[in-house]
Structure formats: structure tokens, C-alpha cells
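Hi,

Here's the structure I promised to pass on. Have a look at it first, and then read on for what turned up when I went through it.

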Amino acid sequence: MTNEEFKKLAAKCQDGTATAAEREAFSKAYQLLATRYAEWDSELMGDEETIKFEIYSSLITKVTDRKKNSNIRRLYRYMAAASILIFLSAGVYLLLHKSTPTQQFTQNLNDLKPGENRATLTLANGQKIVLTKSLTGKLSQQGNVTIKMSAGGTVTYIPVSNGRTANGTIAYNTLTTKKGEQFPLILADGTQVTLDAASSITYPVSFIGKERTVTVTGQAYFKVAHNEHQPFQVLVNGQTIRDIGTEFNINAYEDEGMIKTTLLEGSVKVSKAAESVILMPGQQSQVTTSSNTITVVKNIDTQSAVAWKNGLFQYNNANIQEVMRQFARWYDVDIQYEGTISQREFSGKMQRDLNASQVLDLLSFTKIHFRIEGKKIIVTP
């Protein structure tokens, strides 16, 4: 395999068109590199674990932003500086062209599958419907509102007039995801919502009155259908996020210790107790669960905040506890630590459609080790 052929294959991994076999080949080739290449020039190349993490995460992550092409050029420079491009080229070629049964990749018997589009819908009468991607068509009729599942796997509310029940009360539904689940939803006003794992949203089947109000737990992304005559607001653990024509993300997991509202477009008003702030695009409000003080952080990497919705784990100087909290929610596992907890910080991207062992293999390049025991991940130095 020539260097040019290798670059083309690397580009396929970057833009997400590589096959599973090609991505697995890169994974295997880099593992070979890690065990066979003994020399590392830190002065020339920088910190070994950091560079390895960056190279490997680039190879296995789907990147859709054209600006990320600069990462490919940097990737080639690192490889050239380490004099390993030829080694990797040969390794990938051999791995892709071997065909005997004994040379196929073996699957980790203790591996864990990634999460999926799945949720539970609780209707106003208490009936529960388990939602899966294979479920389509009409789910229920509540008042004059029809609840349907589209062929694309989204719950949609279609109002005819209003969502009042037979006795005149407003009907409320709740969509809930467990660990290892996420799900999209279109409310009766056209607002698009995506729930992350271990989250919920409670909402009226249609919006009646002066305001449109929903309540969330966990993490949710909103693309609000703006209506200046009927403002949209989200209630979350004592906070109110009020839309002024908006796309925003709310992270309100209890184990994170802080509620973060990140604004992508438009503006929102965030209020808690007597304090309130107006967020502009690229800003994030942060409120600790034990405080009423709202802190506004500017120039936030908004794509990092919504990476989960786009099928990615993305970290910016995150510690191992933060990384593993996300991991636990998506793979539905418990995390246990042994020995001294590493203070290393992580920056990079990983696909959320990878098996647990593939993500752990990547993280192990930073000298942190893991083992899977049933539904538990043990982190060791």
C-alpha cells in the first residue's frame, strides 16, 4: 500500500465512509504500533499518550465539519515525524487482505453494545408504550390529538383542535429514557426535542393558554418553534429556561452537580429564584445544584455540548470521572475505581456507536486501564 492509498483510507475514516472492517483494521494497526514501536522523540513529537490518543480518535471518529480537514494534515505530520507511516500502511494492508479464519478479528465476549433509540411513553391515563425504531404508525388518540410514530423513529403529536381530555382537563404525557437509550420527539407546536440517556420530558399533548411549558430531567436538546404570542419555557430543577426563538441544550444530570444550558441559536432567558440572565449564541449558563447564582460562560464550544445528539462523545479537558459518567449512561453500566484516580484530562472525539471495548481501548492509550465485569467497568491506574 502506498502512502497515497493510505491517506485515502485515512480520509474515509475521517469522513465516516470507512467500513467496519476498515475502521477495525486501523484499530488493530495502531495496537500493533503501540506494542512494536519502541522509540518516541518527546521533544519532536510532544507527549506520547496525548498524541496517540489524538491520532487514534481521529481515525475512528466520523467528522462532518470540513474544517476538521486540518486534523488530517496534522495526523500525517505526527505519523511522519514518528517514522511510522510505512509501518501503519503495511499493517493496514495486511489486515485488510488476510482472509483465513484464524486471522479474523475476535469479539470480546465481555463486550457491551452502545445505546439505541428507545424510550417509554407514558400517556395521560397511565398507559405505557415502549418505543423502538421498529414501531410505526398511530400510537394513541388523546382528546383531539393523534400520537404517531414516523418511519424515521420519531414520536409526533398532531393536534386537530386541542388536547383536553373528555372531562376538560389538559392531558400530559411523559417520555422517559433509561440508561443506554435516547429518543427524538416532535411536540404539538412543532418543537423538536431529543432526549439523551437517563432523561425525561413531561409535556401537554397540545399547548393551550399563554405559555408552552415542559419539564425535563437529565439532558435534552431543543429546537423550538418560535411563537412570540405563546412563549416556550422549560422547567428543570428550580430553573426556568425561557425561549426567545432558539436552539439550546440542557444538561441537568444530578450526578454532574451543575445544570448547564448551552445556547446555539436565538436567545434564552435563564432564571432561578430572583436571578435571571439572557444568553446569546455561544454562551452557557451554569448553576450548581446548591446555589441560586447563575454564572455565564462565553465562547463555549457549542458542538461539544450537543455532540451526544450527533452520535459522538466529545471531551474538552474532561477528567476521567466526567468521561466515565457519560460512558455509564450510554452503555448502562456501573463504574468502579481501584487505586489512585488519574488526574489526566481528555480532549477528543469518539463515536457513540462503538462497542464499549473499542472506546476503552482508545482511553487506555492514556495509561489508564479498564476491565469489564458483567455490567460493571473497573477503572485502574
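A quick term before the details: a salt bridge here is a side-chain nitrogen of Lys or Arg within 4 Å of a carboxyl oxygen of Asp or Glu. Keep in mind, too, that this is a predicted model.

With that in hand, take Glu-256 and Arg-325, whose side chains form a salt bridge at 3.0 Å, N to O. The two sit 69 residues apart: Glu-256 is in the loop between strand E13 (247-252) and strand E14 (258-265), and Arg-325 is in helix H8 (residues 320-331), so that the pair links distant parts of the chain. Glu-256 is partly exposed because its relative accessibility is 22%, and Arg-325 is partly exposed too, at 25%. There's also a network of salt bridges here, linking Asp-255, Glu-256, Arg-325 and Arg-329.

Arg-352 pairs with Asp-196, with the closest N and O atoms 3.1 Å apart. Arg-352 is in the loop between strand E21 (346-351) and H9, while Asp-196 is in the loop between E8 and E9, so this pair ties together parts that are 156 residues apart in sequence. Both Arg-352 and Asp-196 are buried.

The other is Glu-338 with Arg-371, at 2.8 Å, N to O. Here the linked parts are 33 residues apart, with Glu-338 in the loop between strand E20 (334-337) and E21 and Arg-371 in strand E22 (residues 369-373). Glu-338 is partly exposed at 29% relative accessible area, and Arg-371 is partly exposed at 34%.

Back to Arg-352 for a moment. Gln-182 belongs to strand E7 (residues 181-186) and counts as buried because its relative accessible area is 11%. Leaving aside neighbours within four places in sequence, the contacts of Gln-182 include Asp-196, Trp-308, Trp-330 and Arg-352, which brings both partners of the buried salt bridge into the picture.

On the whole chain: there are 9 helices and 23 strands, and 47% of the 381 residues are buried. Of the contacts between residues at least 6 apart in sequence, 53% join residues at least 24 apart. The accessible surface comes to about 18,500 Å², with 48% of that belonging to carbon and sulfur atoms.

Now the inside. The largest nonpolar core has 43 residues, and the members touching the most others are Leu-121, Tyr-157, Leu-175, Ile-201 and Phe-222. Strand E10 (residues 212-223) gives the most to this core, with 4 residues. A second, separate core has 27 residues, including Ala-318, Met-324, Leu-362 and Phe-370.

As for Tyr-157, its contacts beyond four places in sequence include Leu-121, Val-145, Thr-146, Ile-147 and Tyr-203. Ser-140 is in strand E3 (residues 137-142) and is buried, at 12% relative accessible area.

Helix H9 (residues 356-363) is mostly covered, with 6 of its 8 residues buried. Those are Ala-356, Ser-357, Val-359, Leu-360, Leu-362 and Leu-363. Leu-362 is also a member of the second core.

Ala-198 has a positive phi of about 55° although it isn't a glycine; Ala-198 is in the loop between strand E8 (192-195) and strand E9 (200-204) and is partly exposed at 30%. Asn-317 likewise has a positive phi of about 55° without being a glycine, but Asn-317 lies in strand E19 (residues 312-318) and is exposed, with a relative accessible area of 52%.

Cheers

Note on methods: Residues numbered from 1 in each chain as written. Predicted model: local features only at pLDDT ≥ 70, side-chain atom pairs only at ≥ 80, totals over all residues. Heavy atoms only, no water. Buried < 20%, exposed > 50% of the residue type's maximum accessible area, 1.4 Å probe, protein only. Core = buried A, V, L, I, M, F, W, Y, C linked by side-chain atoms within 4.5 Å. Contact = heavy atoms within 4.5 Å. Areas by Shrake-Rupley, 256 points an atom, 1.4 Å probe, with all protein chains shown as cover.
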